[in-house]
Amino acid sequence: MSNQLPVEYVEAESVDAVLELLAGDSETRIVAGGYSLVPRLKDGIETPDRLVDISGIDALRGISRQDGGTRIGALTTHDRIAASATVRDHARALAEATDSVGDYQAKHQGTIGGNLVVADPKYDAPAAVLALGGTIVVRGPNGRRRIDAEEWFCGPDETAIEPDELLTEIAIPDGARSGYIRTSEYSGYAIVSVAARLETDGGLVESARVAVNGAKPYPIRLPRVEETLAGGTLDDERRARAADAALRDVDPGTLVANEVADGRHRLGLVRSYCQQALERASVSPAVDS
């Protein structure tokens, strides 16, 4: 553990105040629930000169309906999202993902904003937001910027946010059946998780989005799975073929491998959980868009 501590701690009262503190200072870090950043501080991975605490900014909390979708403030905790009837009715995979967070304190203090900025492969929300086609909204010196989840996850420990920007909210569109499946290690964190979103017309799949976290160091979509589903009937045989296609979507040479699970084990989970996530999405109530 490093003994190096930030030299300054500031409690911000508004988004504008945060942006002023971030401007031109790449050694400032944002802290809210602390479940993503504090362990990195203890391990010496992050050694900022200043911490800006945004936990007192109420404008960054809450869940509401907006423009035919669901808007979730960046400081909204996992337990609040999991308990929200709005999220469960309109973005079921995200409700299931946040409800799956196994660590009690992480679930009740960790925020969806911190989850998406760090985008750790053992987190639950990233795969769900990617599969649901979410949009991440940030504010910076040039105003608001809306970033599709597709473009948000750029690589290991890398997202599209700039050092002088603050994640303020997440927008999830309506219009699909969805579901989420994961398994966990002893700590309660996910090993591999899969989220699926299906647009259906009767028994036919018009389009599909399927995403996995924990296979690679950042969440990815499974395009061959989605192609196998699109235009077909939503039955056991189609779901099984789609799950088989997941094995071609993930390069075995790039799989995450550590003391918790090796790459071969994770690849098996990807196929199994892909089929289970599709089954869960298939029986979920369709969202009235």
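Visitor: Why is the pairing of arginine 280 with glutamate 96 called a salt bridge?

Guide: The closest N and O atoms of arginine 280 and glutamate 96 are 3.5 Å apart. A salt bridge needs a side-chain nitrogen of Lys or Arg within 4 Å of a carboxyl oxygen of Asp or Glu, so the pair qualifies. The model is predicted: local features need pLDDT of at least 70, side-chain atom pairs count only at pLDDT 80 or more, and totals for chains, interfaces and linings use all residues. Side-chain values use heavy atoms, with hydrogens and water left out, and residues are numbered from 1 along each chain as its sequence is written.

Visitor: How many salt bridges cross the interface of domain 2 and domain 3?

Guide: The rule finds four.

Visitor: What makes residues 63-173 domain 2 and residues 177-282 domain 3?

Guide: Those bounds come from the domain assignment of the protein, which is an automatic or database one.

Visitor: How do you know that domain 2 and domain 3 are in contact?

Guide: Contact means heavy atoms within 4.5 Å. By that rule, 28 residues of domain 2 are in contact with 26 residues of domain 3.

Visitor: What is the area buried between domain 2 and domain 3?

Guide: About 2,100 Å², with carbon and sulfur atoms giving 58%. Buried area is the accessible area (1.4 Å probe) that two parts lose on being put together, summed over both. In domain 2, Pro121, Lys122 and Ala131 lose the most area to domain 3, together 25% of what that side buries.
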